[in-house]
Amino acid sequence: AVAATWYEKPLAAGESREYVTYYGLSDITQDTEAPLALGVYSESELQEENGIYIPNPFTVNAYVENVGTETAKAVSMTLELPKGLQLADGEEAATTLGDIEVGKSLSNNWSVEAIPTYVDRDYKIRVVLDYDNGSTKSVTRTVHVPAMKETQREVPRALTYTLFSEDANKNLEMYGWKSYI
């Protein structure tokens with residue numbers, strides 16, 4: 001099987017960019033044990049550039065092939081994400097693929113977004129495969145999400161107080177007030 005991904009990025013007049021294509025064995029996480037083989041592919045690492053992750057969202061692809069001796073009935077897949085990753089708008093974690101005959105394969109993909117983090121994180125994503133006439137199988141894959149640069153960190157606004165006197169002609173007097181912020 002072949003999987004190709006492309007991330008569109010504008011190229012300004014006079015700008016140049018070099019692209020490299022690699023081919024050969026892919027970086028796919030898989031369990032090929034019969035009766036259903038399950039493979040999961042995604043980015044293994046996101047990049048941080050000017051306060052955004054590239055790519056974000058990114059795609060998680062799951063492939064299932066019936067390498068057994070009978071039709072797999074009511075096959076479904078569910079994507080499980082840890083805190084820090086979330087499905088893109090409109091995506092559903094669970095999908096029903098239906099029956100898969102011997103020698104046939106089906107796939108599904110999900111669009112996943114990384115939430116900004118300020119420390120490097122290795123997130124484990126899991127695809128769970130279930131079907132009526134067999135046992136559940138899962139594959140776990142790690143995605144590295146780098147820390148956002150310190151200059152990009154959103155710092156909460158400082159705690160502020162508004163003090164006023166009910167009488168505009170009198171000064172406000174405060175006694176014994178401290179802040180430990």
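**Note on a predicted strand model**

1. K73 is partly exposed, with a relative accessible area of 39%; here buried means under 20% relative accessible area, exposed means over 50%, and partly exposed lies in between, for a 1.4 Å probe and protein chains only. The model is predicted, so that local features need pLDDT of at least 70 and side-chain atom pairs count only at pLDDT 80 or more, whereas totals for chains, interfaces and linings use all residues. Residues are numbered from 1 along each chain as its sequence is written, and side-chain values use heavy atoms, with hydrogens and water left out.

2. K73 takes part in a salt bridge with D99, the closest N and O atoms being 3.9 Å apart. A salt bridge is defined as a side-chain nitrogen of Lys or Arg within 4 Å of a carboxyl oxygen of Asp or Glu. Because D99 lies in strand β8 and K73 in strand β6, the pair ties together parts that are 26 residues apart in sequence. D99 is likewise partly exposed, at 45% relative accessibility. Strands are DSSP runs of E of at least two residues, and helices are runs of H or I of at least four, numbered from the N terminus.

3. The strands β8 and β6 belong to an open sheet of four strands, in the order β8-β6-β10-β11, with antiparallel pairing. The edges are held by β8 (94-100) and β11 (137-145); each has a single partner strand, so one side of each is left without a neighbour in the sheet. From one strand to the next, the twist averages 20°; the axes are lines fitted to C-alpha atoms (for helices, over the stretch in contact), and angles run from 0 to 180 degrees between N-to-C directions.

4. Strand β6 (residues 72-80) pairs with β8 in the antiparallel sense over five bridges; two strands count as paired if DSSP finds at least two bridges between them. Within this pairing, S76 stands opposite T96 in β8. Strand β6 also contains A74, a residue other than glycine with a positive phi, near 50°. A74 counts as partly exposed, at 31% relative accessibility.

5. The count of salt bridges comes to four. One of them joins the side chains of D31 and K137, at 3.3 Å from N to O. D31 lies in strand β1 (residues 29-31) and K137 in strand β11, so the pair ties together parts that are 106 residues apart in sequence. D31 is partly exposed, with a relative accessible area of 25%, whereas K137 is buried, at 13%.

6. The side chains of E48 and K149 also meet in a salt bridge, 3.8 Å from N to O. Since E48 lies in strand β3 (residues 47-49) and K149 in the segment after β11, the pair ties together parts that are 101 residues apart in sequence. E48 counts as buried, at 15% relative accessibility; K149 is partly exposed, at 47%.

7. V128 is placed in strand β10 (residues 121-130) and is buried, with a relative accessible area of 13%. Residues up to four places away in sequence aside, V128 touches S76, M77, T78, E80, T136, K137 and S138; a contact means heavy atoms within 4.5 Å. V128 and T140 are twelve residues apart in sequence, and their C-alpha atoms are 8.8 Å apart in space.

8. The largest nonpolar core has 28 residues, and those with the most contacts inside it are V60, V75, M77, L85, W110, V127 and V145. Such a core is a set of buried Ala, Val, Leu, Ile, Met, Phe, Trp, Tyr and Cys residues joined through side-chain atoms within 4.5 Å. At least two residues of this core come from each of β2 (36-41), β5 (58-66), β6, β8, β9 (105-114), β10 and β11. The contacts of V60, not counting residues up to four places away in sequence, are V40, Y41, S42, L79, N108, N109, W110, V112 and I125.

9. A cis peptide bond joins A34 and P35, with omega about 15°, and P35 sits in the loop between β1 and β2. Another cis peptide bond joins N56 and P57, with omega about 10°; P57 is found in the loop between β4 (52-54) and β5. N50, in the loop between β3 and β4, has a positive phi near 55° although this residue is not glycine. N50 counts as exposed, at 64% relative accessibility.
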